[in-house]
Amino acid sequence: MKRLSVASAPAKVILFGEHFVVYNKPAIVMAINMRAYAKSKPEESQKIIIESKSMNISGAFTISGDYQPIIGGFEGKEKLLPIYVAIKSILERAGEERGVRVEIDSTIPVAAGLGSSAAVSVASAAAVSSLLELNISREDIFMAALEAERIVHENPSGVDPAISTYGGLIVYRKGDGIRRLSVDARLPLVVGDTGIKRVTGEMVLLVGEMRRRYPLVVDRIMDSGEAIVDVGVEALRRGDLKTIGDLMNINHALLCALGLSNETIERLIHAARRAGAFGAKLTGAGGGGCMIALSPPDRINYVVRAIENAGGRAFITDISLEGVRVEVQQPNSA
Ligand code: PMV
């Protein structure tokens, strides 16, 4: 066993197909250059101790899942539970019953549609498997993080843990695994955060309810979502930013039709389009969180400013080709 191991995993944006991916439709998703870090160390007690710097909570789980808070009281349990589930799944896969201490450090905004919870679970699972020098594959890390996502919401498609594990730009379909895409262009994306936190599970339930009430209508919306992905794959291959932008606008309209947008998101999206973006849409579960805009390179600063003037927090992002990775440690670092 090592004395220390650090791993990291990227955040993501969904270009096309969020929500429809829960219903076995494909989605196109891109890892972005913003990462969650997990540092793991051996722990004498047989406990799994998790500390989150960014959320300012920490607590200890026994192997059977009992929780003792250290910082942040019992409310902290709900936030740390998915991380515990991912770590425990790794220990179980390797037939190990050991204590570990994991420190999370992430600057990915939470509950914003950027896949923060999956990135943290993926990084934690990788840090622990590297610490214990376990023979764990990327697929195992993905499966461990998928178990953790089931705590976050009942019926996850797996798109978040998949992109955080594998990185790059992928087409994802539940049960089919991933298909890598290469793009013949830079994808100058601006992310705009509304600052409104929302619960992914509640937004997923909302779509489920719409589908139950209007199955004929909603199934056709989802079929259109699938067509967007098909046309989108080709447009991405060609690096045809204009078509990608158009498809983003259409995809956003479909999400709007299902009640997933709101006034704040719309304000940011319209500001981005007015500033010259090829297209803009909400990304992730909707109801708040983030939107993305694809901009001509020479307009990108206007788009950032327009989103900020409309009340959002905007930043430019780029693809992260690397998924989960174990960080190289300096010999004396601890
Ligand atoms: O993690 P979020 O909030 O970006 O949403 C994940 C994407 C959904 O399609 C809404 C849910 C899922 O499990 O795929």
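Modeller: Gladly! An axis here is a line fitted to C-alpha atoms (for helices, over the stretch in contact), and angles run from 0 to 180 degrees between N-to-C directions. This is a predicted model, in which local features need pLDDT of at least 70 and side-chain atom pairs pLDDT 80 or more, while totals for chains, interfaces and linings use all residues. Numbering starts from 1 along each chain, and side-chain values use heavy atoms, without hydrogens or water.

Let us begin with two helices (DSSP runs of H or I, at least four residues; strands are runs of E, at least two). Helix α1, residues 76-93, packs against helix α3, residues 138-152, at an angle of about 145 degrees. The axes of α1 and α3 are 8 Å apart. On the α1 side, the contact (heavy atoms within 4.5 Å) is made by L81, P82, V85, A86, S89, I90 and R93. Facing them from α3 are D140, I141, M143, A144, E147, A148, I151 and V152.

Strands β4 (residues 57-61) and β5 (residues 67-71) pair antiparallel over 4 bridges; pairing requires at least two DSSP bridges between two strands. Within that pair, A60 has Q68 of β5 as its bridge partner. The hairpin of β4 and β5 has 5 residues between its strands, and G65 in its turn has a positive phi of about 100 degrees.

Now let us step back to the domains (bounds from an automatic or database assignment). Domain 1 covers 5-180 together with 322-328, and domain 2 covers 189-317. Their centres, taken over C-alpha atoms, are separated by 25 Å. Across the boundary, 29 residues of domain 1 are in contact with 43 residues of domain 2.

Next, please turn to an open sheet of 4 strands, in the order β10-β11-β9-β12 and with antiparallel pairing. The edges are β10 (279-283) and β12 (313-317), each with a single partner strand, so one side of each has no neighbour in the sheet. On average, neighbouring strands are turned by 25 degrees against each other, direction ignored. Strand β9, residues 189-193, runs antiparallel to β12, and 5 bridges join them. You can find G192 opposite A314 of β12.

Two helices meet these strands. Helix α7 (residues 241-257) lies across β10 and β11 (290-294), and runs at about 45 degrees to β10. Helix α9 (residues 300-309) packs on the sheet, where it touches β9, β11 and β12. The direction of α9 makes about 155 degrees with that of β12.

Finally, here is another helix pair to compare by eye. Helix α5 (residues 200-213) and helix α6 (residues 215-238) pack at an angle of about 125 degrees, and their axes are 5 Å apart. From α5, the residues in contact are V207, M210, R211, R212 and R213. From α6, they are P215, V218, D219 and M222.
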